[in-house]
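Subject: Structure handover and findings

Hello,

Here is the structure for you to look over. Please open it alongside this note.

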Amino acid sequence: MTPIIAKLLRPRLSRLAPATAPAAPVRTRRRPEAFDQPRPAAATRRRALPFPELGVLLLVSGLLNLWALDRNGWANQYYSAAVRSMSSSWHNFLYGSFDPSGLMTVDKPPLALWVQALSARVFGLHSWSILVPQALMGVAAVALVYDLTRRMWGRTAGFVAGLVLAITPMTVAISRHNNPDALLALCCVGALWCLVRAFQDGRTRWIVLTGVCVGLGFETKMGAALLVVPAIAAAWLWVAPRGRLAAVRQLLAGGAAMAVVGGAWPLLMALTPASSRPWISGTSDNSILSLILDYNGLGRLDGQAGGPQNMGGGGPGGSTTFGGATGPLRLLNEGLGGQAGWLLGFALVAIVALAVATRLRRADARTGWLVATGGIFLTTAVAFSFAQGIFHPYYVAQLAPFTAALVGAGSGWFLSRHRAAGAFAAAALIAGVVTEVLVLHDLPGQLTWLPAVLLVAGAVTAVALVAVRGPLRGAVLAAALGLLLLAPASWAVQTLGHSTQGTFPAGGPAQTGFGGGGPGRGGPGGGGPGGAGFGAPPGAGTQLGTPPTGTGRLGAGTGRPGGAMGGGGFGGDNAGLTQALTYVRQHGGGTIAMSSQSGAATAIIQSGSDVAGIGGFSGRESEVTTTWLADAVRSGRVRWVLTSGSGGLGGNDGRVGSSKVMAAVAQVGRKVTVTTGSSTTTLYDLSGRADALATAGS
């Protein structure tokens, strides 16, 4: 009876429903093809074991990034010293101070160092507490690259993308090091991942989160993070899932989020009186805008003092410290090719293939993925290829995730039934073989057996990719990828066999350190076999650079037996600093100012000594004024000045650095000669000389 009554009342009840306007037509988006969707029978098992290939990727990446990690010691002592200073004082933490006295910042924003300093406060100051967060950032980047590729191109594509990134030599090296580039790469990948989510549902929150990720990247390495912005904006405007006007509004919201997050620390530095914060390293005017626009900004692209022109341009030896000669093939040279250049040719062909696959249709979410990922890849590659300023090989860690994503997406599409898929797969393989042969040509003595194998096996496999279809093509493609991954995988594993210390990390064999390339190409500082690498402290790999013995807590230990006080290779006076510290401890204490922050690093790490480099990283980057130093003396933050070792790196490169203020100190300070055995050090006592120092510089 009840069903009958309900049936009779249904028409009348429907009349009570409120009248509504006809629904507006909904713009539907073509769902991306998934070439390896699970069968319905397997769908119920997906929740129980989601994406087991992701677990494999995390395991591979974790092993590569964490295996024997403490072998790298303090890695870049410049940043490790800052971590110690920042973990000992919240004031130093907030302002990113390099030295315990809070006199000068590092020459980068502090986000990456904040992570390391917090880890050191929780777990104690030692190699693991500094480097494990970096290693986990590398693992997280692999997971995000997998997922952002899988969402548009299928699980096979995601697995290939994640695997390529995990075994990229520079990705492994930078994930085992404390330079900020591991976090920079993670932030850039995170921005792309959020954008891919936005392509799928069109929600504004994902665009806002994209802006947040870019802002965090800016707080990590400033202008380098902005390389992803043009492609992200272009992709969103092109696809515009809710219309162009809505897309513009969403981009404005994302831009606002980027500005708020990225501008927070620079705003803090701008609003804090100069007398209440450290001098901003890398500047001559103590301005955060100078650091953003010049030292860490356009100067990197247009050229700047202290750049590659002072290291012999693009010639052999040490020149590859600055990336070698600029030009379209720069990313394949001896310094960069072995780090992240192995699959660049494959990635370029993949861009063309994916453009054919999507036909750049606005209704296809994969189009947005291609414009964003391919655009970031091309923008970054061009910027790195022609950068005229300070550019180091490890910067390519920022390019590696997008290369990997393109390789993965291309591989996924090559398995489709599209009539051109086989031909494009063969073309990508050939381009990959050519790229690897070019890279190996500039690496004499490295994998000498591989070029012949690549040429012969590559030719056979390319023909097979065109000739076969279906599951058999998948097997052939797997063999082709295995062939191309032999070299980077070999270099990734070899990275674990030696310490990656010093200023310039590099993946691959031990002899590819500072100068890159094969044996004998180490350049200044000993990048060849047995060398510590340029920027590594004297004795790196033996005494210095290793964690202090004892508990591993902050301030514990004094280094291994026989470890002398070092200062690094940039304007440091190791013996002189050791003598000066001993004298100062016996005569009232106080902070010693010296030229090079790098020269002060080891003393800060090993004992938390009150030492401050006031000339910047090498002694030439920061041009402090005598008025500023006089104020520091007057406020008791500085008493002593060690003027030896103030030349810095690069000879007469046009930068003043600390030379002028050191000359004024020698003019007005009370000279103290410290003699230990046959060694003599000159130290200046500025106690009560602040006014005279200020006058000397006017």
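What follows covers the strands, the pocket and cavities, the salt bridges and the cysteines.

This is a predicted model, in which local features need pLDDT of at least 70 and side-chain atom pairs count only at pLDDT 80 or more, while totals for chains, interfaces and linings use all residues. Residues are numbered from 1 along each chain as its sequence is written, and side-chain values use heavy atoms, with hydrogens and water left out.

**Strands**

Helices and strands are DSSP runs numbered from the N terminus (helices are H or I with at least four residues, strands are E with at least two). Two strands count as paired if DSSP finds at least two bridges between them.

Start with β5, residues 679–685. Strand β3 (residues 640–642) pairs with β5 in the antiparallel sense, over 3 bridges. Within that pairing, Val641 has Tyr684 of β5 as its bridge partner. Strand β4 (residues 670–676) also runs antiparallel to β5, joined to it by 7 bridges. Here Arg670 is the bridge partner of Asp685 in β5. The hairpin of β4 and β5 has 2 residues between the strands. Gly677 in that hairpin takes a positive phi near 65°.

**Pocket and cavities**

The search runs on a 1 Å grid over the protein atoms alone. A cavity is a set of points where a 1.4 Å probe fits but cannot get out. A pocket is an open set with protein on both sides within 12 Å along at least five of seven lines. Lining residues have an atom within 4 Å of a point. Grid points are joined across faces, edges and corners, and a volume is the space filled by probe spheres set on the points.

The largest pocket holds about 410 Å³ of space. It is lined by 22 residues, and those closest to its centre are Gly223, Ala224, Asn296, Gly297 and Arg300. Three helices, α11 (204–221), α14 (288–302) and α17 (365–386), each supply at least two residues of this lining. α14 gives the most, with 7 residues. By class, the lining of the largest pocket has 14 nonpolar, 4 polar and 4 charged residues. For these classes, Ala, Val, Leu, Ile, Met, Phe, Trp, Tyr, Cys and Pro count as nonpolar, Asp, Glu, Lys and Arg as charged, and the others, Gly among them, as polar.

The whole structure has 6 cavities of 30 Å³ or more. The second largest cavity has a volume of about 100 Å³. Its lining includes Val164, Trp342, Leu343, Thr403 and Pro488. Helices α18 (400–414) and α21 (471–495) each supply at least two residues of that lining. The lining of this second largest cavity has 9 nonpolar residues, 3 polar and no charged ones.

**Salt bridges**

There are 12 salt bridges (a side-chain nitrogen of Lys or Arg within 4 Å of a carboxyl oxygen of Asp or Glu). In what follows, buried means under 20% relative accessible area, exposed over 50%, and partly exposed in between (1.4 Å probe, protein chains only).

Glu53 lies in helix α3 (residues 52–66) and Arg155 in helix α8 (residues 155–166), so the pair ties together parts that are 102 residues apart in sequence. Glu53 is buried at 13% relative accessible area. Arg155 is partly exposed at 22%.

Asp364 and Arg366 also pair, at 2.8 Å from N to O. Asp364 is buried at 0% relative accessibility, and Arg366 is buried at 0%.

Asp107 forms a salt bridge with Lys108, with the closest N and O atoms 3.4 Å apart. Asp107 is buried at 4%, and Lys108 is buried at 8%.

Asp147, Arg150 and Arg151 are linked in a network of salt bridges.

**Cysteines**

How many disulfides does a search of the whole structure find? The count is 0, taking a disulfide as a pair of cysteine sulfur atoms within 2.5 Å. For Cys187, the closest cysteine sulfur is in Cys213, 6.6 Å away and too far for a bond. Cys188 is in no disulfide either; the nearest cysteine sulfur, that of Cys187, is 6.9 Å away. Cys187 is buried at 7% relative accessibility, and Cys188 is buried at 3%.

Best wishes
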